[in-house]
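The entries follow the order in which I looked things up.

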Amino acid sequence: MKKIHIKTYGCQMNENDSEIAKFYLEEAGYEITENEKDADIVILNTCVVRKKSEDKFYSHIGELKKQNKIIGVMGCGAEKEKENLFKRGVKFVIGTRAILFVPKAVEKAIKGKKSAYFEDKLDEINYPNILKRNSKHHAWITIIYGCNRFCTYCIVPYTRGREKSRKEESILSEVKNLAKNGIKEITYLGQNVDAYGKDLQDGSSLAKLLNQTTKIEGIERIWFLTSYPTDFSLDIAHEIAKSSKIAKSIHLPVQHGSNKILKKMNRRYTIEEYEELISQIRKIVPDASISSDIIVGFPDETEEDFEKTVELVKKIKFERLNLAIYSPREGTIAWKYFKNNVPRMVKTKRMAYILNLQKQINKKLNEKYLDQTVEIIVETKAKSGLYYGRDIRNKIIAFEGDKSLIGKKILVKIKKTTAGPLYGDLVKII
């Protein structure tokens with residue numbers, strides 16, 4: 001039987017899609033190997049949100065061709081390029097909603113036949129029985145696919161399609177089975193996770209789903225990613241406030257501090273509305289950890305626009321920022337209609353400035369943790385040799401330990417703070 005390796009690029013949703021693909025391949029009798037060199041067939045689960053990630057998987061295809069591997073492509077790259085990938089030596093292409101066809105595509109490829117599948121089969125996925133995950137204590141769970149926002153810089157609505165929520169009973173059944181299988185932490189995923197349930201028109205919502213999930217025995221911590229400001233309901237904040245299981249970590253991408261640029265990005269809020277939302281969240285959850293995304297160098301971004309972003313960062317004091325330099329993505333509105341007119345040198349300078357500012361903010365915020373004893377769930381061993389986990393506010397905390405602690409809830413006393421991880425001593429296992 002042929003051995004198959006799946007290489008995953010990009011977001012956590014791709015991670016979950018790869019787990020689903022592995023499940024169906026193993027059900028079909030194929031052997032999954034974590035070592036690419038041992039594989040006869042390599043499937044690349046791709047990301048094209050940024051050009052750099054797209055270039056990576058194209059380069060990988062070239063390397064695999066030299067090794068005479070059978071190559072398949074899943075994910076956003078498959079949706080973007082479709083059958084054009086055959087010209088690069090790819091044998092099969094699987095769309096983001098057609099994961100169920102992976103075994104069939106592999107079977108055809110072994111026989112020397114090319115194939116491409118893009119039919120939406122999400123409703124037929126047997127989510128509750130997919131118990132094998134990359135982690136023994138944490139599981140990614142996609143609850144809504146696609147995005148309806150059409151930000152002018154973003155290719156996701158074109159590669160992931162329109163928003164489509166899973167039924168609540170399917171999700172809760174999956175979580176219950178995972179909990180029985182030893183999973184203690186889950187992360188609900190969606191390109192726009194707080195839009196969950198709106199398309200179902202049956203009263204489902206992320207707030208209600210979170211509430212029901214807290215009742216499941218064995219689940220100790222619940223996360224969710226990623227939120228969109230105008231879809232975020234304060235009901236979600238109230239659920240966080242009343243539960244010790246839901247992480248007090250909210251990732252709420254703002255993208256920019258200038259209303260002019262936000263409008264050009266087709267972000268459907270003003271900076272004043274965003275600030276008011278953060279204020280309301282912090283009233284309900286005073287110790288909420290707010291993180292965000294920011295793009296620098298968007299078309300027509302002036303120094304004044306950039307300064308508004310700087311002021312926003314200073315005012316909100318985010319716990320974490322994902323920063324990106326704008327680069328046009330083929331197929332988007334910005335690529336088609338806007339001039340990429342901010343010089344690269346200016347973009348780089350602005351990026352460095354906010355990185356340094358955020359580092360200072362992180363350092364100051366993290367100092368509050370010194371000498372505190374915090375509860376974390378241990379994740380894994382870092383390259384430094386230390387083990388680490390996250391507290392309920394998504395702070396990474398490192399300590400000396402051993403692999404028997406992975407997946408366990410422990411108390412750590414913080415002895416050292418930095419702008420990044422916190423360092424402490426193990427107090428006890430809970």
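**Entry 1: backbone**

I went to Gln255, which sits in the loop between β11 (249-251) and α9 (259-265). I note that the model is a predicted one. Gln255 is not a glycine, yet its phi is positive, near 75 degrees. Is Gln255 buried or exposed? Gln255 has 8% relative accessibility and therefore counts as buried, the limit being under 20%.

I then looked at Phe150, in the loop between β7 (138-145) and α5. Phe150 also is not a glycine and has a positive phi, about 50 degrees. I find a relative accessible area of 23% for Phe150, so I list Phe150 as partly exposed.

I checked omega as well and logged a cis peptide bond from Leu225 to Thr226, with omega near -15 degrees. Thr226 belongs to the loop between β10 and α8 (234-242).

**Entry 2: aromatic rings**

I searched the whole structure for aromatic pairs and got ten. One of them joins Phe57 and Tyr58: the centres are 4.5 Å apart, the planes make 40 degrees, and the pair is tilted. Phe57 and Tyr58 are both buried.

Another pair I wrote down is Phe101 with Tyr117, which is stacked, at 4.5 Å centre to centre and 5 degrees between the planes. Why is this pair stacked? The angle of 5 degrees falls in the stacked class because planes under 30 degrees apart are counted there. Where do the two residues of this pair lie? Phe101 is in the loop between β5 (92-94) and α4 (102-110), and Tyr117 is in strand β6 (residues 115-117); the pair links distant parts of the chain, 16 residues apart. I have Phe101 as buried at 14% relative accessible area, and Tyr117 as buried at 10%.

I also logged one aromatic cluster, formed by Tyr153, Phe298, Tyr326 and Phe338.

**Entry 3: charges over rings**

I looked for charged ends over ring faces. The charged end of Arg166 is over the ring of Tyr127, 3.6 Å from the ring's centre. Lys82 lies over the face of Phe118, with 5.1 Å to the ring centre.

**Entry 4: surface patch**

I noted a nonpolar surface patch of about 310 Å², made by Tyr158, Ile333 and Tyr337. Tyr158 is in helix α5 (residues 156-160). At 39% relative accessibility, Tyr158 is classed as partly exposed.

**Entry 5: salt bridges**

How many salt bridges does the structure hold? I have 35. I wrote out a few of them.

Glu220 and Lys409 meet through their side chains in a salt bridge, 3.6 Å from N to O. This pair links distant parts of the chain: Glu220 is in the loop between α7 (206-213) and β10 (221-225), Lys409 is in strand β17 (residues 409-417), and 189 residues separate them. For Glu220 I have 26% relative accessible area, partly exposed; for Lys409 I have 18%, buried.

Glu319 and Arg393 form a salt bridge at 2.6 Å, N to O. This pair too links distant parts of the chain, with Glu319 in the loop between α11 and β13 (320-325) and Arg393 in the loop between β15 (387-390) and β16 (396-399), 74 residues apart. I list Glu319 and Arg393 as buried.

Lys314 is bridged to Glu311, with 3.9 Å between the closest N and O atoms. Lys314 and Glu311 are three residues apart in helix α11 (residues 303-316), so about one helical turn separates them. Lys314 is partly exposed at 37% relative accessibility, and Glu311 is partly exposed at 45%.

I also recorded a network of salt bridges linking Glu54, Lys80, Glu81, Arg329 and Glu330.

**Entry 6: annotated spans**

An unreviewed entry gives "domain: Radical SAM core" for residues 133-364. In the model, residues 133-364 are 41% helix and 16% strand, with the end C-alpha atoms 36 Å apart.

The annotation "domain: TRAM", from an unreviewed UniProt entry, covers residues 367-428. I get 0% helix and 53% strand for residues 367-428, and 23 Å between the end C-alpha atoms.

Methods
Residues are numbered from 1 along each chain as its sequence is written. This is a predicted model: local features need pLDDT of at least 70, side-chain atom pairs count only at pLDDT 80 or more; totals for chains, interfaces and linings use all residues. Side-chain values use heavy atoms; hydrogens and water are left out. Rings of Phe, Tyr and Trp (its six-membered ring) pair if their centres lie within 6.5 Å; planes under 30 degrees apart count as stacked, over 60 as edge-to-face and the rest as tilted. Buried means under 20% relative accessible area, exposed over 50%, partly exposed in between (1.4 Å probe, protein chains only). Helices (H or I, at least four residues) and strands (E, at least two) are DSSP runs, numbered from the N terminus. A charge sits over a ring if NZ of Lys or CZ of Arg is within 6 Å of the ring centre and within 35 degrees of the ring normal. Patches are made of residues with over 30% relative accessible area and no salt bridge: like charges are joined within 9 Å, nonpolar side chains (Val, Leu, Ile, Met, Phe, Trp, Tyr) within 5 Å. Accessible areas come from the Shrake-Rupley method with a 1.4 Å probe; for residues, only the protein chains shown count as cover. A salt bridge is a side-chain nitrogen of Lys or Arg within 4 Å of a carboxyl oxygen of Asp or Glu. UniProt positions are given in the numbering used here, feature names are shortened, and annotations may be inferred rather than shown by experiment.
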